[in-house]
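Please keep the structure in view while reading.

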Amino acid sequence: MAFNWFRRPHNESADTPETPNQEETAAVEATETATTGPDTADLLAFAKAAYKNIQEKQQIETESSVAVEENPVTEEIGETEAVEETAPIEVDENIVEIPENVVSELETANLSFLERAAAEREAKQEKLIASAIETEIPETPITPTATEVEIPELVFDDGFKWSAKVLAAQGRKAEDISLEEITWLKKLRQGLDKTRRNILNQLKAIVGQGPLNQAAVNEIESLLLQADVGVEATDYIIAALQKKILAEVTPPEQAIAYLKEILRGMLDAPLQNPDKPSFAPEKDQLTIWLITGVNGAGKTTTIGKISHLAQKSGYKCLIGAADTFRAAAVEQVKVWGNRSGVEVIANPGKNTDPAAVVFDAIAAAQSRETELLLIDTAGRLQNKKNLMDELGKIRKIIGKKAPNARVESLLVLDSTLGQNGLRQAEVFSQAAQLSGVVLTKLDGTGKGGVAIAVVQQLGLPIRFIGAGEGIEDLRPFSSYEFVEALLSG
C-alpha cells in the first residue's frame, strides 16, 4: 500500500502525547523497562522499537521480492538442466567417434607427414572440446539467507533517534513509523543545519546566562533579524516574549520551549480558517495546482518532485507544460516527467499559447480520470504585467473547462534570497491569487527564518519545503518538524 504523504498523519498543534503511547512502546521493546514520564529512557525505547519494526518490515519486503524473483529463475534452470542431461551426451559420443575414424583413415591413406600432423591436431582439439562439454557443471543461483539480506538506508544513529523523538512527540506509534519519514526528517535537519547553527548557538549563549530578562530579549531580537525572520515577525515574537518575562521568571530551557511554541503558532495561523477545504488532493476528483514563480527559484524542479510524490502516494498525476516562453522549459519538464513516471502534456510548437496547453492538459486529465494536474506556468518577474495577466487568462480557462475542479496556486520561493524573495511573494500574492508557498533550497542557506516572515507578512501557509537536490528531497510542510529541526540541539 502506498504511503500517502499528502495525508500523512501528524499533529498540527504538536501536543506532547500522553503516557499510554509510551506504555505501548515499552511493550514492543521487551528489553527496556518503562519509567515514569517521557524521559530519555522512554524516548530511547521508542526509537529502538521504531527501528525494530522498520527493520522487520524491510526484511519481509526484501524476502518477498527475492521469493518472487526466484520462481521464474528456478523454472528456467530446471529446463536448462534437463536439456543438458540429454543433449550433451549425444553430442559427446559423436564428437569422440569422429576423430577416431579420421585418425584410422589417415593412417591407412598414407598421407604426408604435415597433413597427418594437422589432422591429429584437429582431432586433439575436438577431443578437448568434447571433454570440456562433458565436465561442464551448470551454475546454480545462491539463494540469500535471512542473515545475508541487507536493509539499505537504515542506521540507528543520532539522526534516527532525533527523528523518532519528533514523531513520538506528535503522537505517532512506533509500529506506524515508516523508513521514508525517518529519512526525510534526517534530511530536513541536515538541510537546516546552517540556520540552526547560526541561531541555536547564540540563543543558548543568551538564555544560558540565567532567567530571561529584558536584555536577553533584546539580544534575541537581533538574532532573529539576522536569520531573516523579518521585522514584522520579529516584533510579534518579541512582544510575546516580553509578556512572558513580565508575568514570571523564565528559566533558559522554558524560554526556548516557549519560543518554539510561538513559532509553531505563527506558522500554523493561516491554516486555522475552518472554511478552507483540505489542501491534499482527493481521490476520484480532479485537483489542479498552478505552480508559479520567477526563473531560477526551482519551479520546474518542484513540479517534478511533487509529481513523484503524488505517484508514490497513490494518486493519478499529470503535468501540463504551459511554460512556453522560456527556451527549453518544455524539454526540462519532460525530463522530470520521465524521472517521476508522469505523463507530460505539451504543445510541440514554439511560443504557443499557454492557455491552449492548459486547455489540452485539462481535457487529457478528464479523459484519464486524473486526480492531480500540475500546471507549469511561465517563469516571470513580478514587474512583468503581461505575464502576470497570463495567470488570469489561465484561471478563466480552468473555470470554463473544469468548473468543479479544486484549484490551488503555489508560489515557489528560493530560500537563499531571504527578504528579496519575500518582496517577490508580495507582488505574486496580489496577481496570482496564491493559496500557498513552496520553499526551496533550504539546505543551501543560513536564512531559514524567511519561512516565518512569509507566513507572518503574507498570511500564506507553507505547503512544501525542499531540503536537497534529489527527487525525494521535497515534502509537505509540518510546523512542528520545521521548528524542531530549526531549534533543537
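This is a predicted model: local features need pLDDT of at least 70, side-chain atom pairs count only at pLDDT 80 or more; totals for chains, interfaces and linings use all residues.

On the side of helix 5, the contact is made by Trp 184, Leu 185, Leu 188 and Arg 189, while helix 16 brings Glu 481, Phe 482 and Ala 485. Sorted by class, the residues in this contact of helix 5 with helix 16 are five nonpolar and two charged, with no polar ones.

Another pair is formed by helix 10 (residues 299-312) and helix 11 (residues 329-340), whose axes come within 9 Å and cross at roughly 20°. Because angles under 35 degrees count as roughly parallel, helix 10 is described as roughly parallel to helix 11. The crossing of helix 10 and helix 11 is right-handed.

Which residues of the two helices meet here? Helix 10 contributes Thr 300, Thr 301, Ile 303, Gly 304, Lys 305, Ser 307, His 308 and Gln 311, and these meet Gln 332, Val 333, Trp 336 and Ser 340 in helix 11. By class, the contact of helix 10 with helix 11 holds three nonpolar, eight polar and one charged residues.

## The chain as a whole

The protein chain has 16 helices and eight strands in its secondary structure, and 46% of its 489 residues count as buried.

## A helix with buried residues

In helix 15 (residues 450-458), the residues Val 450, Ala 451, Ile 452, Ala 453, Val 454 and Val 455 are buried. Gly 459 follows helix 15, and the phi of this glycine is positive, near 70°.

## Loop residues

Most residues other than glycine have a negative phi. Asp 284, which is not a glycine, has a positive phi near 60°, and its place is in the loop between helix 9 (252-268) and strand 1 (287-292). With a relative accessible area of 71%, Asp 284 is exposed. Glu 369 also has a positive phi, of about 55°, although it is not a glycine, and this residue lies in the loop between helix 12 and strand 4 (372-376). Is Glu 369 buried or exposed? Its relative accessible area is 57%, so Glu 369 is exposed.

Gly 349 is found in the loop between strand 3 (344-345) and helix 12 (354-367), and at 37% relative accessibility Gly 349 counts as partly exposed. Along the chain, Gly 349 and Thr 324 are 25 residues apart, and in the model their C-alpha atoms are separated by 9.0 Å.

Key: Residues are numbered from 1 along each chain as its sequence is written. Side-chain values use heavy atoms; hydrogens and water are left out. Contact means heavy atoms within 4.5 Å. Helices (H or I, at least four residues) and strands (E, at least two) are DSSP runs, numbered from the N terminus. Ala, Val, Leu, Ile, Met, Phe, Trp, Tyr, Cys and Pro count as nonpolar, Asp, Glu, Lys and Arg as charged, and the others, Gly among them, as polar. Buried means under 20% relative accessible area, exposed over 50%, partly exposed in between (1.4 Å probe, protein chains only). Axes are lines fitted to C-alpha atoms, for helices over the stretch in contact, and angles run from 0 to 180 degrees between N-to-C directions. Angles under 35 degrees count as roughly parallel, over 145 as roughly antiparallel, 65 to 115 as roughly perpendicular and the rest as oblique. A crossing is left-handed if the near helix is turned anticlockwise from the far one by less than a right angle, and right-handed if clockwise.
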